[in-house]
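Okay, everyone, let's get going. Have a look at the sequence and the structure while I talk you through a few spots.

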Amino acid sequence: IGVNFIDTYHRTGLYPVKLPSGLGMEGAGVVEAVGEGVTRFAVGDPIAYASGPIGAYAEFHVVAAERAVKPPAGIDARVAAAAMLQGMTVEFLVRRCYPVKAGDFVLFHAAAGGVGTIAMQWLASLGAITIGTAGSAEKCALAKSLGAAHVINYRTEDWVKRVKEITDGKGCHVVYDGVGKDTFMASLDCLRPRGMMATFGNASGPVPEIQPLLLSQKGSLFLTRPTLFHYIASRSDFELSATALFDVVTRGVVKIQIGHRYPLKDAAQAHRDLEARKTTGATILLP
């Protein structure tokens with residue numbers, strides 16, 4: 001079972017859910033039974049899913065056949081569970097939200113996290129000049145080892161100043177920010193004119209309200225608040241995203257970094273560690 005920040009949003013009520021409810025959006029395993037008319041899967045097939053319904057924190061979970069895929073041969077359930085939601089998030093961000101081109105300057109916050117470790121590798125394969133931020137020397141070293149051209153420890157460095165230095169004062173083409181409140185306003189100052197800010201998460205809390213005029217004043221910036229689920233709403237988009245993800249994984253372009261494994265009974269501790277930023281790479285639960 002994959003553990004993601006969205007699980008903490010559901011738990012706290014930041015993203016309201018109808019109670020009673022379980023937690024968890026993604027997982028991988030083996031098909032135990034299929035419903036009437038299901039032809040996409042058979043009992044015994046490997047399966048992975050990442051778009052609900054909520055309730056993955058369980059030994060058994062019922063999901064819609066059209067919202068699941070068969071992982072390619074050679075990708076085991078642990079890797080599939082760690083890859084799906086975070087990997088498809090990276091796919092839509094770097095290929096469809098802002099299609100990154102070779103030579104683009106890209107700022108990516110939380111570069112050593114589950115999404116970040118995938119993004120560092122994927123962006124490097126696209127030829128981007130990636131600037132990754134993280135909160136410790138160890139996390140910065142991990143981001144660097146995975147393909148970041150530059151790394152910044154946001155706890156010890158003036159990261160806006162460093163971004164300006166790295167880009168010769170021009171700023172980045174795109175900023176991907178899953179941190180939220182703590183980084184949002186300063187991230188806008190890291191963009192070049194007509195650059196794009198993609199704020200896709202709230203790890204530090206919801207971002208502040210801004211007036212649209214501010215985007216004009218800072219260089220006719222583009223601002224989007226995308227979610228994965230709008231980019232995989234149709235079956236065709238879901239398959240497109242999952243296929244692209246498993247392609248880079250099977251080719252070795254992206255290696256899924258599973259940093260932490262917890263038994264299902266310790267899901268609460270997994271949340272505490274994730275929220276305290278004690279984790280690197282992906283976090284999974286094992287039922």
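So, which residues does Y176 touch, not counting residues up to four places away in sequence? Y176 touches L93, V94, Y98, V100, V106, L107, F108, H109, A198 and F200, where contact means heavy atoms within 4.5 Å. Quick note: this is a predicted model, where local features need pLDDT of at least 70, side-chain atom pairs count only at pLDDT 80 or more, and totals for chains, interfaces and linings use all residues. Residues are numbered from 1 along each chain as its sequence is written, and side-chain values use heavy atoms, with hydrogens and water left out.

Now, the largest nonpolar core has 51 residues, and M88 and Y176 touch the most other members. By that core I mean buried Ala, Val, Leu, Ile, Met, Phe, Trp, Tyr and Cys residues joined through side-chain atoms within 4.5 Å, with buried being under 20% relative accessible area, using a 1.4 Å probe and protein chains only. Helix α2 (77-97) is among its suppliers, and gives the most, 11 residues. Helices are DSSP runs of H or I, at least four residues, and strands are runs of E, at least two, numbered from the N terminus. Apart from this core lies another, of 17 residues, including I166 and L215.

Over in helix α1 (residues 5-12), I6, D7, T8, Y9 and H10 are buried, and their cover includes β1, α8 and α10. Just after α1, G13 takes a positive phi of about 95°.

Last, the open sheet: its order is β1-β12-β11, with mixed pairing, and strands pair if DSSP finds at least two bridges between them. β1 and β11 stand at the edges with a single partner strand each, so one side of each has no neighbour in the sheet. β11 and β12 pair in the parallel sense over 5 bridges, and R261 stands opposite I284 in β12.

Definitions and conventions: Buried < 20%, exposed > 50% of the residue type's maximum accessible area, 1.4 Å probe, protein only.
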